[in-house]
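The exercises below are meant to be worked through with the sequence and the 3D structure open side by side. Try each task before reading its solution.

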Amino acid sequence: MTTLTPDPADLHPGLAPEPTQPGQVRPSAPPFSTSLRVGVATLWVSVLVLLPLLAIAWQAVGGGWQAFWLAITSHAALESFRVTLTVSVVVTLLDVFFGVLTAWVLVRDNFIGKGFVDAVIDLPFALPTIVTSLVMLALYGKSSPVGVHLQHTPPGVAMALAFVTLPFVVRAVQPVLLEIDREVEEAAAALGANGFKVFTSIILPALTPALLSGAGMAFSRCIGEFGSVVTIGGAVPGKTEVSSQWIRSLIENDDRTGATAIAIVLLSISFCVLFLLRIVGGRAAKREEAAE
């Protein structure tokens with residue numbers, strides 16, 4: 001005698017599985033609820049990012065707003081801001097040009113040693129930044145083997161910063177170049193468009209969001225970089241002393257309030273630049289999607 005076991009879906013219609021099309025894989029339920037995931041992520045970001053930032057802000061205003069204002073408007077602070085922003089803007093523009101060029105070569109061209117060059121691009125991410133400064137000093141110092149002397153000069157600081165920031169642009173642009181449809185470029189060329197027209201009208205609009213993101217990361221890294229410019233720059237006031245080096249001088253003189261005040265200014269500049277570029281890049285991406 002056979003005993004029939006009722007189907008749970010007959011007893012509880014709400015447990016009945018949703019019908020699937022032939023060949024369709026039913027998505028599995030996530031292991032955690034959305035609220036739990038959001039809570040864990042928020043807690044982790046708060047511990048790693050928000051709490052340290054709040055601590056810096058609290059210490060910066062601990063001596064009062066007047067002390068904060070005097071710290072960020074002193075002659076030495078303003079000179080360090082000028083050097084930092086000037087070099088950072090120049091290096092970011094160089095990164096944009098050479099970053100796109102490097103990504104283009106890695107994606108569109110085939111040559112011997114391409115894999116080696118692609119791996120070298122990530123080397124600045126792995127090297128301690130102080131090693132970068134020592135390498136730059138050995139290459140462009142007083143005993144330069146190539147006859148180029150950039151020690152304690154703004155170009156020397158720019159070279160060190162370009163070394164550590166170029167990968168941000170290359171790695172941001174490279175995946176987008178891989179996804180661009182080559183047939184659209186070939187169609188435009190068949191209609192008479194030259195290479196420059198194809199690049200500016202088809203390729204560059206698709207690259208703009210990623211390019212802005214990479215440029216923003218490179219600029220922010222330049223703003224806060226310290227290790228790579230220690231020896232090659234020399235911290236000459238008004239010439240090669242960037243704000244991060246001025247912060248170190250303030251800490252050595254036991255002026256923690258002034259040091260954190262300078263840090264707050266650098267953080268604010270970096271955040272504003274990243275936020276604005278994110279907005280511009282988002283709008284450019286929407287225009288590109290609408291055009292498609």
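**Exercise 1.** Determine which residues of helix 12 are buried, and state what this says about the helix as a whole.

*Solution.* Start with the residues themselves: Ser243, Ser244, Gln245, Trp246, Ile247, Ser249 and Leu250 of helix 12 are buried, where buried means under 20% relative accessible area with a 1.4 Å probe and protein chains only. Finally, look just past the end of helix 12, where Asp254 adopts a positive phi of about 60°.

Before going on, note that this is a predicted model, in which local features need pLDDT of at least 70 and side-chain atom pairs count only at pLDDT 80 or more, while totals for chains, interfaces and linings use all residues. Residues are numbered from 1 along each chain as its sequence is written, and side-chain values use heavy atoms, with hydrogens and water left out.

**Exercise 2.** Describe how helix 8 packs against helix 10.

*Solution.* First take the geometry: helix 8 (residues 154–179) and helix 10 (residues 195–224) pack at an angle of about 155°, and their axes, which are lines fitted to C-alpha atoms over the stretch in contact, are 8 Å apart. Because angles over 145 degrees count as roughly antiparallel, helix 8 and helix 10 are roughly antiparallel to each other. Then identify the residues: the contact (heavy atoms within 4.5 Å) includes Leu161, Phe168 and Val176 of helix 8 and Ile203, Leu207 and Arg221 of helix 10.

**Exercise 3.** Compare the UniProt annotation with the helical content of the chain.

*Solution.* The unreviewed UniProt entry carries the annotation "transmembrane region" for several spans, among them residues 81–107 and 160–178. In the model, residues 81–107 are 100% helix, with end C-alpha atoms 37 Å apart, and residues 160–178 are also 100% helix, with end C-alpha atoms 29 Å apart. For the protein chain overall, there are 13 helices and zero strands.

Terms used:
Axes are lines fitted to C-alpha atoms, for helices over the stretch in contact, and angles run from 0 to 180 degrees between N-to-C directions. Helices (H or I, at least four residues) and strands (E, at least two) are DSSP runs, numbered from the N terminus. Angles under 35 degrees count as roughly parallel, over 145 as roughly antiparallel, 65 to 115 as roughly perpendicular and the rest as oblique. UniProt positions are given in the numbering used here, feature names are shortened, and annotations may be inferred rather than shown by experiment. Buried means under 20% relative accessible area, exposed over 50%, partly exposed in between (1.4 Å probe, protein chains only).
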